[in-house]
Amino acid sequence: MRGDCVLVELAHLEEALALFDALENNPVAGIREVIPAARTLLIAFDPHTLSSEALVDAVAARAGGERKPASGALVEIPVRYDGEDLAEVAAILNMSADEVIRLHAESEYVAAFTGFAPGFVYLSGGDPRLNVPRRKSPRTQVPAGAVGLAGEFSGVYPKASPGGWQLIGTTPLAMFEIDRTPASLLQPGDRVRFRNMADGHAYEVKDQEKVSAKPGTGAGPGQASAAIEILSMGLPVLFQDLGRPGLARQGISVSGAVDRVSLKAANRLVGNPANAAALEITLGGLSFRMRGRGVMALAGAEIPVAITDASGRKIAAPHHSAIALDDGDVVSLGRPAAGMRSYLAFRGGFAVTPVLGSAATDTLAQIGPAALGAGDVIAIRTAPVGAFVSSEQLAFAMPSSEETVALDVVMGPRTDWFTDEAVQSFLTQEWSVTPQSSRVGIRLKGQALERRNPSELPSEAAVRGAIQVPASGQPVLFLADHPLTGGYPVIANLAGHHLDLAGQIPVGARIRFNAVNRFAPYITPGKHA
């Protein structure tokens, strides 16, 4: 997929999970993370520690084992079978809606793996007659608690999010709560039964032990020397750092800053560690008042910076430089002429409470501190003595909405699911960036890409920079808050050196993709043993 990831393809779900167990029980030095899915394992590795050839040999040596039968707890999930796709599902399956409901409620499922979003568990073992394809084009918003079908799996959306599953009902249960232990109601290996609430029975799920993990922006005694007070803003302003690596098994993707190089630059300009929390500001428009004294810096999309001091004097300040502020100074940030996102860092760092080890706000998973609002006061920590301050240059020219931006891609792993003409079209046409784009991904519009393989793709892991093509033929380029797994084929992955640039491409711009390879990098253990 990229130089630090491979997709391992297995024959079926049980074989994939057996290999996952083998890699967990007999780890390979250099493997950073393994994400299981319906037929595949996505393996992220350190190419400086482990070569791709050695990785193939290690995977082949561990393949072929058997997975132990599920022995987890039995969890009953009450369902109102009122999903908006129920009638369509029944028509696809050539049966009545009542028959769909009966088959779904009579099956016992097994929690196979977690993906897409935190708490979204893929449930296997249902009645094979309920095998239905995903929607041709995913919805931009599916409500929390929606019960859906996709291929051989059933599942419940834990939070409101985009999604392409066929919706047949809803449950009132909270599938994922950050302040519950464990946060996910379902754990891999659990057995699951759906119960029809129309039957009139009462169903109860025992309360889980809870632990406080709520986000906040306060600082303890002696930790803060200053603060900023938010006066106004345009689009939501979010806390971001470098995210939450290593939590894929819980269905939690890395998230973090969309333009990571600019976040690091802003922090280095004020002497912070590269991973310190900063504010990600989309299309400018933020205004705040300084309480106490501080040193700020902005990196990323260049925006006008105006400072009004306590006496009313107005001065312009430079972008991409450290700026000293006095008590009472009001800072107003304009709109960028190019680029999308700017990063505001303060010397010492913001005093924000981490969630699962990070201050990043994941908009898809809804994990992390809330977006800022007018009137919020954010404390700034006291800077350590001797912090190193560096000068920084722009890592790349910021793209404007009038430009065509060239992005390098690594073809695969599912390029062969598309016709030769579609692959050629993908690489030669200019794709428009639509207003539906977000931190989750860039939705593109152009000549639709035609598949060679019309089959339903079993869910498999996706990475930042994956270019997924739903049945509509209009690609989506995943950004920082992408789903952990997906069920549409990935025609290509963005090359690592263009990941940050992609996060700065504004609506209205055009994108042209340039292939730096011509093969689909996935491995099948049985062919390499």
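Begin with the largest nonpolar core, which has 47 residues. A nonpolar core here is a set of buried Ala, Val, Leu, Ile, Met, Phe, Trp, Tyr and Cys residues joined through side-chain atoms within 4.5 Å. Buried means under 20% relative accessible area, exposed over 50%, and partly exposed in between (1.4 Å probe, protein chains only). Leu407, Val409, Phe426, Leu477, Ile491 and Phe513 touch the most other members. Take Leu477. Neighbours within four places in sequence aside, its contacts (heavy atoms within 4.5 Å) include Leu407, Val440, Ile442, Ile467, Leu494 and Phe513. Another core lies apart from the largest one. This other core has 29 residues, among them Ala226, Leu279, Phe288 and Ile323.

The model is predicted: local features need pLDDT of at least 70, side-chain atom pairs count only at pLDDT 80 or more, and totals for chains, interfaces and linings use all residues. Residues are numbered from 1 along each chain as its sequence is written, and side-chain values use heavy atoms, with hydrogens and water left out.

Now the sheet. Helices (H or I, at least four residues) and strands (E, at least two) are DSSP runs, numbered from the N terminus. Two strands pair if DSSP finds at least two bridges between them. Five strands form an open sheet in the order S14-S15-S22-S17-S20, with antiparallel pairing. Why is one side of S14 and of S20 left without a neighbour in the sheet? Both stand at the edges, so each has a single partner strand. From one strand to the next, the twist averages 30°. Angles run from 0 to 180 degrees between N-to-C directions, and axes are lines fitted to C-alpha atoms, for helices over the stretch in contact.

Inside this sheet, S17 (residues 294-300) pairs with S22 in the antiparallel sense over five bridges. Leu298 stands opposite Leu344 in S22. Helix H5 packs on the sheet and touches S14, S15, S17 and S22. The direction of H5 makes about 155° with that of S17.

Another strand pair deserves a look. S8 (residues 146-150) and S11 pair in the antiparallel sense over four bridges. Val147 has Gly169 in S11 as its bridge partner. Four of the five residues of S11 are buried, so this strand is largely enclosed by the rest of the structure.

Next, two helices. H3 (residues 86-93) and H4 (residues 97-106) pack at an angle of about 90°, with their axes 8 Å apart. They are therefore roughly perpendicular (65 to 115 degrees) to each other. Leu86, Val89, Ala90 and Leu93 in H3 meet Ala97, Val100 and Ile101 in H4. The residues of this contact divide into seven nonpolar, no polar and no charged.

Finally, the backbone. Most residues other than glycine have a negative phi, and most peptide bonds are trans. Where are the exceptions? The bond from Thr181 to Pro182 is cis, with omega near -10°. Pro182 lies in the loop between S11 (166-170) and S12 (191-196). Gly412 and Pro413 are also joined by a cis peptide bond, with omega about 10°. Pro413 sits in the loop between S24 (404-411) and H6 (420-428).

Ser255 has a positive phi, near 60°. Its place is the loop between S14 (237-240) and H5 (260-269). Leu356 has a positive phi of about 55° and lies in the loop between S22 (341-346) and S23 (377-381). Buried or partly exposed: which applies to Ser255, and which to Leu356? Ser255 is buried, with a relative accessible area of 4%. Leu356 is partly exposed, at 39%.

Note on methods
Angles under 35 degrees count as roughly parallel, over 145 as roughly antiparallel, 65 to 115 as roughly perpendicular and the rest as oblique. Ala, Val, Leu, Ile, Met, Phe, Trp, Tyr, Cys and Pro count as nonpolar, Asp, Glu, Lys and Arg as charged, and the others, Gly among them, as polar.
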